[in-house]
Amino acid sequence: MSVAQALQIDCLNVGSENNFKNFHLYNHGKIYKSYSDSILLPNIIQIEKNLFMASFQLMKLMPAKYVIEKALAEKRINPKYPIIETSSGTYALGLGIICAEMGLPFHIISDQAIDDDLKRRLEDLGGYVQILSQTLSSENPQIFRLNTLKEYLTNNPQSFWPQQYNNPENQIAYTIFAEYLIEQLGNNLTLVGSVGSGGSTCGTIKCLRENNPFNRLVGVDTFGSVLFGLINEKRILRGLGNSLMPQNLEHCLFDEVHWVSACDAYLQTRKLHSLYSSFHGPTSGAAYHVAKWISHQNKDEKVVFIAPDTGHRYLSSVYNNQYLKEMSFFNKEISSSPLKVMDPSEVNNKWTYLNWNRRTYKEIMEVKNGN
């Protein structure tokens, strides 16, 4: 019995005693060599007839693990010097877990966007977390963090920088995820994912299209993000979007791009939890928001969306009704359908989408500028 066969038990039959016992006996029979191995791949959960969720505990663990293990094997890491990266979220945690397992020192450069619980966890894993004060510079926080990191590397050239935004190994790491999707769901998919570094969406779809070039990719962004042609502004919805243009983002891979609001993402995150007991963060809610609409528009399309992390970091925000009231999100209506636009200049603060049609960023911006 293959892993795929074990995991593909029909959800309608799981209630039978024999299937329940077989499922749990099989999946509890494996002994992992490390914690990171045990959570590397997601669970595939069928939400609706043609809608599936790739439910990760910590998706960014995948590129962190791949990049560090490869660099160690190639002797590009000096274990006497820290692994250094700039992050305020899940990549920092993924890196921290891998470094703790391998006994490597690590140094995270972040800003005040990082929450205290994550900072404490990183420190407990043995890392040093450097929080940059916003009062020190009026620069874009991500640029300020990056400049601080580069200054550190100038003085400590023996340290290793994984470069999550620009290292092509970030994309390659998701090959195992793509192969797993094919094993679980077949070779004809629409992949929906929130976009930050571009690593997960672009890396996964590249591998999927090696098997079937007609597999579709839908990117989910938010307002104030520069990734798909908007102006850099303060973003309420974090974990997706970016104020820098990462090299791992290959625009020509995207068939469609959606911009969603924090309100829709937060409320859909809560719906995922209340309806399906799926405990995830707001980037998962944003992807679900788009994927659900796409699956309803295309009943013959098998749609899978990426849920990158759990909801533990968002208990005091997304899962807190008082916080939602303070943000004026509580009891609001979730947007039922997006507005279609022809170029990014038409995007406003409501759910919007653009048929990107696998064009380059330059091609899209020429349309925007009327060229």
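## A ring to start with

Is Tyr319 buried or exposed? Its relative accessible area comes out at 14%, so Tyr319 counts as buried, the limit for that label being under 20%. Keep in mind that this is a predicted model.

Tyr319 has an aromatic partner, Phe279, with the ring centres 4.9 Å apart and 55° between the planes, which makes the pair tilted. Phe279 sits in the loop between α11 and α12, while Tyr319 belongs to the loop between β9 (303-307) and α13 (321-326), so the pair ties together parts 40 residues apart in sequence. Phe279 is partly exposed, at 21% relative accessible area.

## Other aromatic pairs

Searching the whole structure turns up nine aromatic pairs. One of them joins Trp293 and Tyr353: the centres are 5.4 Å apart and the planes meet at 55°, so this pair is tilted. Trp293 comes from helix α12 and Tyr353 from strand β11 (residues 352-354), so to speak a link between distant parts of the chain, 60 residues apart. Trp293 is buried, with a relative accessible area of 17%, and Tyr353 is buried too, at 12%.

There's also a cluster, in which ring pairs link Phe228, Phe254 and Trp356.

## Where α11 meets α12

Helix α11 (residues 262-276) and helix α12 (residues 282-297) have axes that come within 7 Å and cross at roughly 90°. Angles from 65 to 115 degrees count as roughly perpendicular, and α11 and α12 are therefore roughly perpendicular to each other.

On the α11 side, the contact is made by Asp264, Ala265, Tyr266, Gln268, Thr269, Leu272 and Tyr276. Helix α12 brings Pro282, Ser284, Gly285, Ala286, Tyr288 and His289.

Elsewhere in the model, three strands make an open, parallel sheet in the order β3-β4-β5. The edges are taken by β3 (83-86) and β5 (128-132); each has a single partner strand, so one side of each has no neighbour in the sheet. From one strand to the next, the twist averages 20°.

Four bridges hold the parallel pairing of β3 with β4 (residues 106-111), and Ile83 stands opposite Phe106 in β4. Helix α7 (residues 141-155) packs on the sheet, touching β3, β4 and β5, and its direction makes about 150° with that of β4. Helix α6 (residues 116-124) lies across β4 and β5, running at about 145° to β5.

Note on methods. Residues are numbered from 1 along each chain as its sequence is written. This is a predicted model: local features need pLDDT of at least 70, side-chain atom pairs count only at pLDDT 80 or more; totals for chains, interfaces and linings use all residues. Side-chain values use heavy atoms; hydrogens and water are left out. Two strands pair if DSSP finds at least two bridges between them. Helices (H or I, at least four residues) and strands (E, at least two) are DSSP runs, numbered from the N terminus. Axes are lines fitted to C-alpha atoms, for helices over the stretch in contact, and angles run from 0 to 180 degrees between N-to-C directions. Contact means heavy atoms within 4.5 Å. Angles under 35 degrees count as roughly parallel, over 145 as roughly antiparallel, 65 to 115 as roughly perpendicular and the rest as oblique. Rings of Phe, Tyr and Trp (its six-membered ring) pair if their centres lie within 6.5 Å; planes under 30 degrees apart count as stacked, over 60 as edge-to-face and the rest as tilted. Buried means under 20% relative accessible area, exposed over 50%, partly exposed in between (1.4 Å probe, protein chains only).
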